[in-house]
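Please look over the model below before reading on.

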Amino acid sequence: MYVPKNVVTNHDLTRVMDTSDEWIQERTGIKERHYATRFEETTTTMGVEAAKIAMERARVSQSDIDFIIFTTISPDYYFPGCGVLAQRALGIKEIGALDIRNQCSGFIYALSVADQFIKTGMYKNILLLAAELHSYGLDFSTRGRNVSVIFGDGAGAVVLQPTEKGQGILSTHLHSDGSQAEMLSMINPGFHAGKFVPEKRPANPDQPYGGLFITKELVEKDDVYPYMDGPAVFKKAIIKFPEVIVEALAANDLQPSDLKLMIPHQANLRISQMVQQKLRLRDDQVYNNIQKYGNTTAASIPIALCEAWENGRINDNDLICLAAFGSGFTWGSALLRW
Ligand SMILES: CC(C)(COP(=O)(O)OP(=O)(O)OC[C@H]1O[C@@H](n2cnc3c(N)ncnc32)[C@H](O)[C@@H]1OP(=O)(O)O)[C@@H](O)C(=O)NCCC(=O)NCCS
């Protein structure tokens, strides 16, 4: 894992918007988050820092890596994706680099894709990077406070390799439901021209072609930030998280009590606590670190996984469940025998 050195506390945020440490902690559990160093760090550079550590721990070099997967919702460029930028930074030659955009579920989706490539024998060393840089693009005025206090920057990475049967990734379970896609979204700038949200239809620019991706109106109205219907996301999350964890356990004929550790995507401490209650998991069976990092979207699970492993909470043969829910809506789980 890699997180930038700048720690921003809830108190720091009260200097730029109308919020309080008490409100943020009570509703989300977050105490502080890390923000990238402006003009120096990007989603790619943070992902690459995490990747270097993962490669060192897996004892693989650049030439061993035969496929790259990069998952993020905060890419450096609209295109090309961070996969090729990470490839360039790591000096890895001409192998495939895939970008995955599945928001908070990005790591689970990416893990599932990597798992299929490994199980079919196509690749032997897949480098999976998950990184997010939210702080450059959030609305730090009071208007954006329900979103901006939640998100933080950071990265995680893993190297995936074939392993013995019964070990490694036992199964992955992916779901999505696009019927409420805009409930947690950042639609501007974009190529939608207001098609799905008519009230967001841009005024016709005075030109026959183009001019719809970024309009002056969007910039003038400051309409270029993420939107979240927090209560709606919360309600859906506390149903889908437990559902997809139970699905993974049932597919492997296992019970919640068999889990050594459940690592949920760090969306909100209240969500994790409700999931824990529903599944009747003990405190020592759930790993949370949102208090220190905020919600780092696709990066949150690998950051938590890394920390849990470094803290001795994961040992050989432990049964670990990773689960995520997020924008899309998308959700998923992965069951691992470490
Ligand atoms: C975002 C979330 C913390 C908001 O908590 P909530 O209890 O639902 O709060 P609401 O959005 O209903 O807002 C309650 C009040 O707090 C205010 N508020 C919102 N953000 C605030 C902030 N950062 N500081 C202070 N007040 C804030 C609102 O303006 C509202 O004020 P009002 O009652 O005067 O209108 C909560 O809905 C949530 O965690 N949802 C899930 C979000 C999530 O996990 N997203 C990531 C998914 S991957």
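1. A residue counts as near a molecule or strand if one of its heavy atoms lies within 4 Å of it. The ligand has 22 residues around it, and T19, R27, C104, G230 and N268 come nearest. This is a predicted model, in which local features need pLDDT of at least 70 and side-chain atom pairs count only at pLDDT 80 or more, while totals for chains, interfaces and linings use all residues. Residues are numbered from 1 along each chain as its sequence is written, and side-chain values use heavy atoms, with hydrogens and water left out.

2. Polar contacts come next; a polar contact is a pair of N or O atoms within 3.5 Å, and within protein one must be able to donate a hydrogen and the other to accept it, with residues adjacent in sequence counting only if both atoms are side-chain atoms. In the side chain of R27, an N or O atom is 2.4 Å from an oxygen atom of the ligand. The side chain of T19 has an N or O atom 2.6 Å from a nitrogen atom of the ligand. From P231 the backbone takes part: one of its N or O atoms lies 3.3 Å from a ligand oxygen atom. On its own the ligand has 960 Å² of accessible area, and the protein covers 71% of this. Accessible areas come from the Shrake-Rupley method with a 1.4 Å probe, and for residues only the protein chains shown count as cover.

3. Which elements give two or more residues to the shell around the ligand? They are α2 (21-28), α6 (145-148), α8 (230-251) and β11 (319-326). Helices (H or I, at least four residues) and strands (E, at least two) are DSSP runs, numbered from the N terminus. With four residues, α8 gives the most to this shell. By class, the shell holds twelve nonpolar, eight polar and two charged residues. Here Ala, Val, Leu, Ile, Met, Phe, Trp, Tyr, Cys and Pro count as nonpolar, Asp, Glu, Lys and Arg as charged, and the others, Gly among them, as polar.

4. After α8 comes D253, with a positive phi near 60°.

5. Which residues of α8 are buried? They are V233, K236, A237, I238, K240, F241, P242, V244, I245, A248 and L249. Buried means under 20% relative accessible area, exposed over 50%, and partly exposed in between (1.4 Å probe, protein chains only). An α-helix has 3.6 residues a turn, so residues three or four places apart point the same way.

6. One runs from F79 to P80, with omega near -5°; P80 lies in the loop between β3 (67-71) and α4 (82-90). Another runs from N188 to P189, also with omega near -5°, and P189 is in the loop between β8 (184-185) and α7 (216-220).

7. Is F39 buried or exposed? F39 is exposed, at 81% relative accessible area. Although not a glycine, F39 has a positive phi of about 70°, and its place is the loop between β2 (32-35) and α3 (43-57). R59, another residue other than glycine, has a positive phi near 55°. R59 sits in the loop between α3 and β3 and is exposed, with a relative accessible area of 74%.

8. T28 belongs to helix α2 and is buried at 3% relative accessibility. Its side chain reaches the backbone nitrogen of I30 at 3.0 Å.

9. Q266, in the loop between β10 (261-264) and α9 (269-279), is buried at 1% relative accessibility. The side chain of Q266 makes a polar contact of 3.4 Å with that of N288 and reaches the backbone nitrogen of N289 at 2.8 Å.

10. H175 is in strand β7 (residues 168-176) and counts as partly exposed, at 26% relative accessibility. H175 and F329 are 154 residues apart along the chain, while their C-alpha atoms are separated by 8.4 Å.
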